[in-house]
Amino acid sequence: MASAASNVRADAARRSVGAGRVAAMWCLGWLTALAAGTGALWLTQGRPPVEVLAAAALAGAPAVLSLLLAWRDSPAARSLLLILWTAAGAGACALTGGLSGPLTPWCLLPLAFAALLGPGLWMAQAAALAVLGVAVAALGQVAGFEPAAPAEPLRFLLGLYALVSLGMSIATGLARSRRTAPAVSGVEVERLLVEQPHLLLALDEAGRVLSAFGFAPKGVAHKALLSGGLEGVVADDDRPRLAEALAAAMVTGQAEAMLAPAGQTGGVVALSLRRAQDGRLYGVMRDATQQHAHELKLVEAKTAAEALNSGKSRFLANMSHELRTPLNTIMGFSDIMRARLFGPLPTKYAEYAELIHESGRHLLDLINDLLDMSKIEAERFQLQVEMLDAREPISAALRLMRVQADDAGLSLRATLPPEPLEIEADPRALKQIVLNLLSNALKFTPRGGQVTLTLASQADALELSVADTGMGISAEDLKRLGCPYEQAGDSMQRSLGTGLGLSLVRGFAELHGGEMIIESTLGEGTSVLVRLPGLVQADAEDRPSAKVIAFNPTR
Amino acid sequence: MTKTVLIVEDNELNMKLFHDLLEAQGYETLETREGLQALSLARQHRPDLILMDIQLPEISGLEVTKWLKEDDELAKIPVIAVTAFAMKGDEERIREGGCEAYLSKPISVGLFLSTVRKFLD
């Protein structure tokens with residue numbers, strides 16, 4: 001509907017421009033006539049009195065200004081020009097003896113100009129202005145402004161000239177404007193309906209075609225349409241859908257449907273229906289074969305991408321299982337050596353066994369991260385939620401990381417509240433969150449730095465923050481962090497992890513309905529805040545039993 | 001009397017690891033890589049404990065355990081499942097399958113030995 005309206009408007013604008021050109025031509029004609037009339041008078045009667053020359057100049061002024069219509073046309077400009085024509089006509093009349101003078105007919109000049117612009121509104125406006133002009137001239141006369149009329153025979157010649165010029169200008173104006181008559185005639189509308197590229201339909205309540213205009217899409221036969229209705233041009237299988245769309249349009253006022261045409265295998269037409277005030281349905285049918293094919297391709301691509309992604313997640317899960325088998329040997333034998341199960345071991349070898357075992361442990365952590373992430377991505381991760389004191393898993397994680405902090409020459413400080421923080425959460429996930437955050441902080445903070453863990457309650461949420469005085473993260477990298485497998489910094493820093501740590505923290509936090517917020521300044525440090533809802537106030541009595549919450553990745 | 005442990009494990013090095021660990025503790029071992037052979041070995045030798053890898057190439061260790069537990073004479077032999085699956089819920093599934101204990105790979109030597117001892121001493 002909107003585009004139709006704008007087309008109509010564009011058409012009106014085009015016509016106005018035409019009218020502007022015609023008006024300009026007419027004005028040139030008027031100016032020529034004025035000059036010729038004045039010249040003829042001068043030649044035959046000698047130099048005319050100043051009042052007559054002034055009247056001629058006055059009558060020419062609006063014509064000069066009207067030329068501008070050819071460039072800038074607008075209703076406001078037209079109205080202004082009509083007023084100028086009125087003033088000029090009435091002025092010329094007043095200068096040459098008033099209403100009883102020879103130029104009185106010129107009071108009707110605005111009508112001549114309006115005739116050019118088309119019948120109707122402009123004529124009415126011009127008539128009103130002309131009456132006003134006459135009244136002003138009359139009032140002027142009453143008030144004592146009454147220059148003498150020119151003497152005979154000039155008076156007669158002027159009067160004749162005024163009548164002839166006005167008559168001719170009105171006649172040419174009317175003739176001109178008829179030639180540029182409105183474009184939206186019945187014939188034009190019909191041509192528009194027939195020539196536009198879609199099929200326009202009017203249907204009765206039963207879906208029979210009352211009229212159809214335009215081009216039928218491939219596979220839709222005009223004859224079948226008019227004799228058998230829409231049903232006659234739609235493939236058998238799609239008839240129920242057509243009936244559905246018709247019913248929906250009758251009920252809700254509009255409907256859209258993609259249908260297969262009866263006469264074109266593989267073709268698709270789009271039908272839009274709208275119920276009008278008169279109870280009929282009006283519709284547009286167009287060929288949508290390409291559009292449909294395009295949509296199918298998009299759906300296919302999406303399915304393929306999803307399959308690929310879930311395949312990747314499955315691969316990761318399988319791989320992490322496969323990796324455990326050789327890791328069992330590495331860690332098992334080195335553990336036997338550490339335990340000196342078969343007798344003493346030279347110090348160096350004992351140290352190596354220790355290192356092998358430690359590396360195995362590190363590898364296992366990475367594999368476990370990979371497995372957790374793939375489970376979260378494959379939507380298979382299930383939280384084992386229970387009521388617990390959040391301080392417990394967090395303290396456990398702190399104990400594990402303290403050794404690492406000492407080894408790295410870092411100070412690890414923790415502030416936990418003295419009273420229990422009862423929360424509904426998965427203890428393993430909570431521990432994983434803390435382990436990942438601390439291990440990241442320790443990894444990326446240089447010797448001598450400080451890592452601070454703070455646990456606090458904020459309304460009904462638990463707030464866990466881990467801040468470090470490490471290398472920090474650039475704003476650019478910050479955006480990517482927390483997306484699986486994304487890591488900040490250069491390759492040297494990247495070699496320290498899998499890039500899963502923060503993704504896991506975010507994944508676990510979101511599984512709990514919480515969030516993770518990272519703040520960082522390059523070179524100064526990073527602070528990660530994890531907020532988990534589900535904190536139970538100290539006085540709460542009912543303790544819900546353990547429950548399982550499935551992960552929903554669509555967020 | 002020396003206790004005997006039947007090890008069902010398809011990976012050669014893991015087999016050696018378990019064998020060496022058990023041997024160091026003075027236990028006898030019987031070894032097989034196949035689930036079906038595990039069943040006949042169990043019938044033949046009546047071991048005191050079975051160490052069962054769950055991911056076997058042809059038949060699942062859980063399936064073999066089920067057969068063992070359905071056999072009245074073998075049902076009383078304790079089975080320790082060893083698996084590289086480390087998912088939550090796996091342990092339950094394995095215990096429901098009739099295994100008396102569960103160890104995940106990679107094993108910790110200390111935990112492995114204490115678990116074995118629990119059934120043999």
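Me: How many residues of chain A are in contact with how many residues of chain B?
Reply: This is a predicted model. Contact here means heavy atoms within 4.5 Å. By that cut-off, the count is 17 residues of chain A and 22 residues of chain B.

Me: What area do chain A and chain B bury between them?
Reply: The size of an interface is often given as the accessible area lost when the parts come together. Carbon and sulfur atoms carry 69% of the area for chain A and chain B. The total buried between the two chains is about 1,800 Å².

Me: Which element gives the largest share of the side of chain A that touches chain B?
Reply: Two elements of chain A give two or more residues to that side, α10 (289-338) and α11 (347-377). One of them supplies 11 residues, the largest share. That element is α10(A).

Me: How many residue pairs are in polar contact across the interface of chain A and chain B?
Reply: Salt bridges between the two chains number zero. Polar contacts are counted with both residues at pLDDT 80 or more. The rule finds seven residue pairs.

Me: Is α4(A) roughly parallel or antiparallel to α5(A)?
Reply: The axes of α4 (residues 109-117) and α5 (residues 121-142) of chain A come within 8 Å. They cross at roughly 175°. Angles over 145 degrees count as roughly antiparallel. Therefore α4(A) is, relative to α5(A), roughly antiparallel.

Me: How many nonpolar residues are in the contact of α4(A) with α5(A)?
Reply: From α4(A) come Pro110(A), Leu111(A), Ala114(A), Ala115(A) and Leu117(A). They meet Trp122(A), Met123(A), Ala126(A), Ala127(A) and Ala130(A) of α5(A). No polar and no charged residues take part, and the nonpolar count is 10.

Me: Is the peptide bond from Lys105(B) to Pro106(B) cis or trans?
Reply: Pro106(B) sits in the loop between β5 (101-104) and α5 (109-120) of chain B. Omega for the bond from Lys105(B) is near 0°, and the bond is cis.

Note on methods
Residues numbered from 1 in each chain as written. Chains lettered and ligands numbered in written order. Predicted model: local features only at pLDDT ≥ 70, side-chain atom pairs only at ≥ 80, totals over all residues. Heavy atoms only, no water. Buried area = accessible area lost by both parts, 1.4 Å probe. Salt bridge = Lys/Arg side-chain N within 4 Å of Asp/Glu carboxyl O. Polar contact = N/O pair within 3.5 Å; in protein donor to acceptor, adjacent residues only side chain to side chain. Helix = DSSP H or I, 4+ residues; strand = E, 2+ residues; numbered from the N terminus. Axes fitted to C-alpha atoms, helices over the stretch in contact; angles between N-to-C directions. Parallel < 35°, antiparallel > 145°, perpendicular 65-115°, else oblique. Nonpolar A, V, L, I, M, F, W, Y, C, P; charged D, E, K, R; others polar.
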